[in-house]
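Here are my notes on the model you sent over. Have it open while you read.

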Amino acid sequence: MTDAATDAPRTTDRTGFDRRLLPPMLLGSVLNPVNSSIISVALVPIGRALGAPSSQTVWLVSALYLATSLGQPVVGRLIDLSGPRRLFLLSTGLVGVAGVVGTLAPNLGVLIAARVLLGFGTCAGYPASMALLRGEAKRTGRDSPGGVLTALSVANQTIAVIGPLLGGLLIAVGGWRATFALNVPLAAVAVLLGLLRLPKQAATGGSSESGSVSSRLDLPGMGLFAAMLVSLLLFLMNLHPRDWYLALLAAVAGAAFAVRELRAATPFIDLRVLGGNTPLLVTYGRALVAYVVVYAFLYGFSQWTEEGHGLTPFHAGLVQMPMFLTAIGVSIVSGRRRGVRGKLLTGAAGQIAACLVMLTLTGTSPLWLLVLVALVFGVPQGLNNLALQNSVYFQADPERIASSAGLLRTFAYLGSMVASSATAASFGQRADTGGMHRLAWIMLGAGVLSLLLTVFDRALGRTDAPEGPAAA
């Protein structure tokens, strides 16, 4: 890994990590969660303004995650091959364009298109951060990312705290369009930080692969992956027997993708390596079911607090704040402690407990009970994200760390698609209490599955092994 874009000496902490990289890493990684959390309190105002029911506005959630699910591993692979700088700058610039489109959108269709642009624009932040972290570990000879991974997790949780509240404030001051306009200054700052501080070359996958970047992209593999993923996500987003052909198309594209990747000299996703890495596959599966619960709560519970309980968007954002504040505290306390098994077990148990409390809520429940649900959800929120990204960092092939990190987000967004479909099916035209209870039962089932995947995963013991002092 070469030095940063400037020729100034590196500013490092006690382990040698270049602290100048932290601002673009942190800002790039939070562009997606800030848009995820803000939209949670904007769905109802957007629906009222554009005359769209919740079954249609849910596409504002699904569109972003559909684009991001596809883009994360693709952009991650490009980062592995050519380094994060160029992809970071292009993607964050696209976030600004999406902000302008969303601010000026005349109807729901254009607004959904803006969310698609946001999805692609936020693809590079997290894979770029993981690639930079791996590059710094290689440069310094210290494979100890605990402190930096904790910083990334806490930054995401902090944005999640600010997001709903900020969204409520923006809506109160400038209407729901202000939640899209926010992306313009955020993108400008991110591009500036990327230009000033990101290394010009920091590829992680070039040591064992030869040839130009274009010759190693595996465009047919990417195309088949896109066809498989888009078909699967469209099917999951609106489960109905009449859409059986989407499931069939996903299966056919998936089979063709597997054949292609097993035969390709430089595959987009090396299924031979991934197939032999059972612990990483289980981590991806665990991320999927854990994030079904996360996103169903983030969007479904928020809609219910507004329509089923009668809160304003601002107060709905305030109700979510205890969850994210608790998550920040849990992440900070547990971030430097070795091991992920205990975090995952506690996280799954916390999700189950919170879902059980949700089943007791009604439209006349006292406000403190809503806050209690958010507090309980904060514990798994702080534990699961940190444990999952630590698992991927140590289980993935170092030369494919960015694409592996992108796949983690892809599986998380698969969970969001399931959650969106479950939310739309549970609520229909209105987010009432009966629909919220139906959604809570689905969330409870996902939480139990997450717990079982952790209890019977023996490989987590090897991830728990100490690897040296944590990075600051």
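1. **Ground rules.** This is a predicted model, with local features needing pLDDT of at least 70, side-chain atom pairs counting only at pLDDT 80 or more, and totals for chains, interfaces and linings using all residues. Residues are numbered from 1 along each chain as its sequence is written, and side-chain values use heavy atoms, with hydrogens and water left out.

2. **Overall fold.** The protein chain has 19 helices and zero strands; helices (H or I, at least four residues) and strands (E, at least two) are DSSP runs, numbered from the N terminus. Of its 472 residues, 60% count as buried, where buried means under 20% relative accessible area, exposed over 50% and partly exposed in between (1.4 Å probe, protein chains only). Take the contacts between residues at least 6 apart in sequence: 83% of them join residues at least 24 apart. Contact here means heavy atoms within 4.5 Å.

3. **H3 against H5.** Two packed helices are described by the angle between their axes and the distance between the axes. For helix H3 (residues 59–82) and helix H5 (residues 108–121), the axes come within 7 Å and cross at roughly 30°. That makes H3 roughly parallel to H5. On conventions, axes are lines fitted to C-alpha atoms, for helices over the stretch in contact, and angles run from 0 to 180 degrees between N-to-C directions. Angles under 35 degrees count as roughly parallel, over 145 as roughly antiparallel, 65 to 115 as roughly perpendicular and the rest as oblique. The crossing of H3 and H5 is right-handed; that is the clockwise case, while left-handed means the near helix is turned anticlockwise from the far one by less than a right angle. Contributors from H3 include Trp 59, Ala 63, Ala 67 and Gly 71, and those from H5 include Leu 108, Ile 112, Arg 115 and Gly 119.

4. **H1 against H5.** Helix H1 (residues 22–50) also packs on H5, at an angle of about 170° and with the axes 12 Å apart. H1 is therefore roughly antiparallel to H5. Here Asn 35, Ile 39, Ile 46 and Leu 50 of H1 meet Leu 108, Leu 111, Arg 115 and Leu 118 of H5.

5. **H13 against H18.** Helix H13 (residues 278–307) and helix H18 (residues 433–455) have axes that come within 9 Å and cross at roughly 160°, so they are roughly antiparallel to each other. Their crossing is left-handed. Among the residues making the contact are Gly 285, Val 289, Phe 297 and Trp 304 of H13, with Met 436, Met 443, Gly 447 and Leu 453 on the H18 side.

6. **Leu 87.** Setting aside neighbours within four places in sequence, Leu 87 is in contact with Val 75, Leu 78, Ile 79, Ser 82 and Ala 124.

7. **Ser 404 and Ala 405.** Ser 404 is buried at 8% relative accessibility, and Ala 405 is buried at 0%. Leaving out residues up to four places away in sequence, Ser 404 touches Tyr 284, Val 392 and Ala 396. With neighbours within four places left aside, Ala 405 is in contact with Tyr 126, Pro 127, Met 130 and Val 392. C-alpha to C-alpha, Ala 405 and Val 392 are 6.7 Å apart, and they are 13 residues apart in sequence.

8. **Aromatic pairs.** How many aromatic pairs does the structure hold? There are eight, counting rings of Phe, Tyr and Trp (its six-membered ring) whose centres lie within 6.5 Å, with planes under 30 degrees apart called stacked, over 60 edge-to-face and the rest tilted. Trp 176 and Phe 180 are edge-to-face, 6.3 Å centre to centre with 80° between the planes, and both residues are buried. The rings of Phe 225 and Phe 257 have centres 5.6 Å apart and planes at 50°, so this pair is tilted. Phe 225 lies in helix H10 (residues 219–237) and Phe 257 in helix H11 (residues 244–263), so the pair ties together parts 32 residues apart in sequence.
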